[in-house]
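User: I am new to this structure and would like to learn how to read it. Could you take me through its features one by one?

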Amino acid sequence: QVQLVESGGGLVQAGGSLRLSCAASGRTFSSYSMGWFRQAPGKEREFVRGISRSGGTTNNADSVKGRFTISRDNAKNTVYLQMNSLKPEDTAIYYCAAADKPLATSRRYEYDYWGQGTQVTVSS
């Protein structure tokens, strides 16, 4: 079992930045690929960014292209999502997820563990 706890969400004005953190416990963090997803009210949960066990990234979420960066610090058992140039349409609950896969993936069904989510609200 892997426990994932997100933090760093909050209210920010459009154009601002936030750094989300996801702290993992209960399992060897470095064994998992990690990902960030988000879900707005009434919308499907969508992939944002993914990172492999070795640090390679999957950045095929066009809606955040050039604005969001995923990273991981295995020594701290933590994955981060740096969000810059935030837009109101980025408002959502952001979820951290872990996948028992060697490579980063954007496929929700390939993730095995999920955090509780952290709210990000971007005001205009």
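**The disulfide**

Analyst: The link between C22 and C96 is left-handed, with -80 degrees about the S-S bond. This is a predicted model. The sulfur atoms of C22 and C96 are 2.0 Å apart, and a search of the whole structure finds 1 disulfide.

User: Which parts does the pair of C22 and C96 tie together?

Analyst: C22 belongs to strand β3 (residues 18–25) and C96 to strand β9 (residues 92–99), so the link joins parts that are 74 residues apart in sequence.

User: Is C22 buried or exposed? And what of C96?

Analyst: A residue counts as buried when its relative accessible area is under 20%. C22 has a value of 0%, so it is buried. C96, at 0% relative accessibility, also counts as buried.

User: How should I read a sheet, and what is the strand order in the open sheet of 4 strands?

Analyst: Strands of a sheet pair through backbone hydrogen bonds, in either a parallel or an antiparallel manner. Here, the open sheet of 4 strands runs in the order β1-β3-β8-β7, and its pairing is antiparallel. Its edge strands, β1 (3–7) and β7 (68–73), each pair on one side only. From one strand to the next, the twist averages 15 degrees.

User: How many bridges join β7 and β8?

Analyst: β7 pairs with β8 (residues 78–83) over 6 bridges, in the antiparallel sense.

User: Which residues of β7 form its covered face, and which its uncovered one?

Analyst: In a regular strand, side chains alternate between the two faces of the sheet. In β7, the covered face holds F68, I70 and R72, while T69, S71 and D73 make up the uncovered face.

User: Which residues of the largest nonpolar core touch the most other members?

Analyst: Nonpolar side chains tend to be buried together in soluble globular proteins. The largest nonpolar core here has 26 residues, and those touching the most other members are M34, W36, V79, L81, M83 and Y94. At least two residues of this core come from each of β3, β4 (33–39), β5 (46–51), β7, β8, β9 and β11 (118–123). A second, separate core has 5 residues, including F37, F47, A99 and Y111.

Technical notes
Residues are numbered from 1 along each chain as its sequence is written. This is a predicted model: local features need pLDDT of at least 70, side-chain atom pairs count only at pLDDT 80 or more; totals for chains, interfaces and linings use all residues. Side-chain values use heavy atoms; hydrogens and water are left out. Two strands pair if DSSP finds at least two bridges between them. Axes are lines fitted to C-alpha atoms, for helices over the stretch in contact, and angles run from 0 to 180 degrees between N-to-C directions. Buried means under 20% relative accessible area, exposed over 50%, partly exposed in between (1.4 Å probe, protein chains only). A disulfide is a pair of cysteine sulfur atoms within 2.5 Å. A nonpolar core is a set of buried Ala, Val, Leu, Ile, Met, Phe, Trp, Tyr and Cys residues joined through side-chain atoms within 4.5 Å.
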